[in-house]
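Good morning, colleagues, and thank you for coming.

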Amino acid sequence: MLKTKDILDEKDKKLHQKSLPVVFPLSAEDKNIINEAIEYLKNSQIEELAEKYDLRPGMGLAAVQVGVLKRYFVVVHEYEPGEFKNYVLINPKIISNSVEKIYVETGEGCLSVNRDIDGIVPRYARVTLEAQDINGNKITVRGREELAVAFQHEMDHLDGIIFTDKIDKKNPYKDMDNMRPI
């Protein structure tokens, strides 16, 4: 089982490298990483299991965060208490987005960033992504609000960007009045 210690820290240079496209069929290693990421993310959102296994709560994990520079990520979204939907997006691209911008009022978090961060990250309120599933089939997914934020956050990882890179250093709450908090 994936543990918190297996996730790269923000100081690791790999997190600032661009990930490479995935070639199909998926390797056994990639399938294993995907399954372990789903298990970690789900367990980390269930309080008793997060405590039992000492997991930091998270909603998404990109392959690069476990040291694999490939363009895929997993998001496990708890849409109702105890009800989860898994998203495995391989070679994803944002194909459309809303004009409306939002930010996470309590601040974004990241399994690779083990400290509190002041500031906001502007995100689109809605995004549509085109990607491949684990079998290489083309899929299209839409995300709104927190799911849209998770998709954009993980897409950034694939391009070597951590959310802290997107916070204005001189004015961490810049343009806050032009966006909606979620």
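Let me begin with Asp159, which is partly exposed, its relative accessible area being 30%. Please keep in mind throughout that we are looking at a predicted model.

What does Asp159 form with Lys18? The two residues form a salt bridge, in which the closest N and O atoms are 3.2 Å apart. Asp159 belongs to the loop between H3 and strand E8 (180-181), while Lys18 sits in the segment before H1, so this pair ties together parts of the chain that are 141 residues apart in sequence. Lys18, for its part, counts as exposed, at 57% relative accessibility.

Asp159 has another partner to consider, namely Arg71. The side chains of Arg71 and Asp159 are joined by a polar contact of 3.1 Å. Arg71 is located in the loop between E1 and E2. Is Arg71 buried or exposed? At 13% relative accessibility, Arg71 counts as buried, because the cut-off for that word is under 20%. The side chain of Arg71 also reaches the backbone oxygen of Ser19, at 3.4 Å. If we leave aside neighbours within four places in sequence, the residues in contact with Arg71 include Lys18, Ser19, Leu20, Leu89, Asn91, Leu158 and Asp159.

I turn now to the sheet. Here 5 strands form an open sheet, in the order E1-E2-E3-E6-E7, and their pairing is antiparallel. Which strands stand at the edges? They are strand E1 (60-62) and strand E7 (138-144); each has a single partner strand, so one side of each is left without a neighbour in the sheet. On average, neighbouring strands of this sheet are turned by 40° against each other, with direction ignored.

E1 and E2 pair in the antiparallel sense over 3 bridges, and the bridge partner of Gly60 in E2 is Val75. Strand E2 (residues 72-80) then pairs with strand E3 (residues 83-97), again in the antiparallel sense, over 8 bridges.

Helix H1 (residues 28-44) lies across E1, E2 and E3 and runs at about 30° to E2. Helix H3 (residues 145-158) packs on the sheet as well, touching E1, E2, E3, strand E6 (126-132) and E7, and its direction makes about 165° with that of E2. H1 has 17 residues and spans 24 Å from its first C-alpha to its last, close to the 24 Å expected at 1.5 Å a residue.

Which residues of H1 are buried? They are Asp30, Ile33, Ile34, Ala37, Ile38, Tyr40, Leu41, Asn43 and Ser44. An α-helix has 3.6 residues a turn, so residues three or four places apart point the same way. The buried residues of H1 pack against helix H2 (47-53), E1, E2 and E3.

Finally, I return to the charged side chains. How many salt bridges are there? The count comes to 14 salt bridges. One of them joins the side chains of Arg180 and Glu100, at 2.6 Å from N to O. This pair links distant parts of the chain, since Arg180 is in strand E8 and Glu100 is in the loop between E3 and strand E4 (101-103), 80 residues apart. Arg180 is partly exposed, with a relative accessible area of 30%, and Glu100 also counts as partly exposed, at 27%. Arg180 and Glu100 belong to a network of salt bridges that links Glu100, Arg126, Glu145 and Arg180.

A further salt bridge is the one between Arg123 and Glu108, with the closest N and O atoms 2.9 Å apart. Arg123 lies in strand E5 (residues 123-124) and Glu108 in the loop between E4 and E5, so the pair ties together parts that are 15 residues apart in sequence. Arg123 is buried, at a relative accessible area of 2%, and Glu108 counts as buried too, at 13%.

Thank you for your attention.

How values were computed. Residues are numbered from 1 along each chain as its sequence is written. This is a predicted model: local features need pLDDT of at least 70, side-chain atom pairs count only at pLDDT 80 or more; totals for chains, interfaces and linings use all residues. Side-chain values use heavy atoms; hydrogens and water are left out. Two strands pair if DSSP finds at least two bridges between them. Helices (H or I, at least four residues) and strands (E, at least two) are DSSP runs, numbered from the N terminus. Axes are lines fitted to C-alpha atoms, for helices over the stretch in contact, and angles run from 0 to 180 degrees between N-to-C directions. Contact means heavy atoms within 4.5 Å. A salt bridge is a side-chain nitrogen of Lys or Arg within 4 Å of a carboxyl oxygen of Asp or Glu. Buried means under 20% relative accessible area, exposed over 50%, partly exposed in between (1.4 Å probe, protein chains only). A polar contact is a pair of N or O atoms within 3.5 Å; within protein, one must be able to donate a hydrogen and the other to accept it, and residues adjacent in sequence count only if both atoms are side-chain atoms. The expected span of a helix is 1.5 Å times one less than its number of residues.
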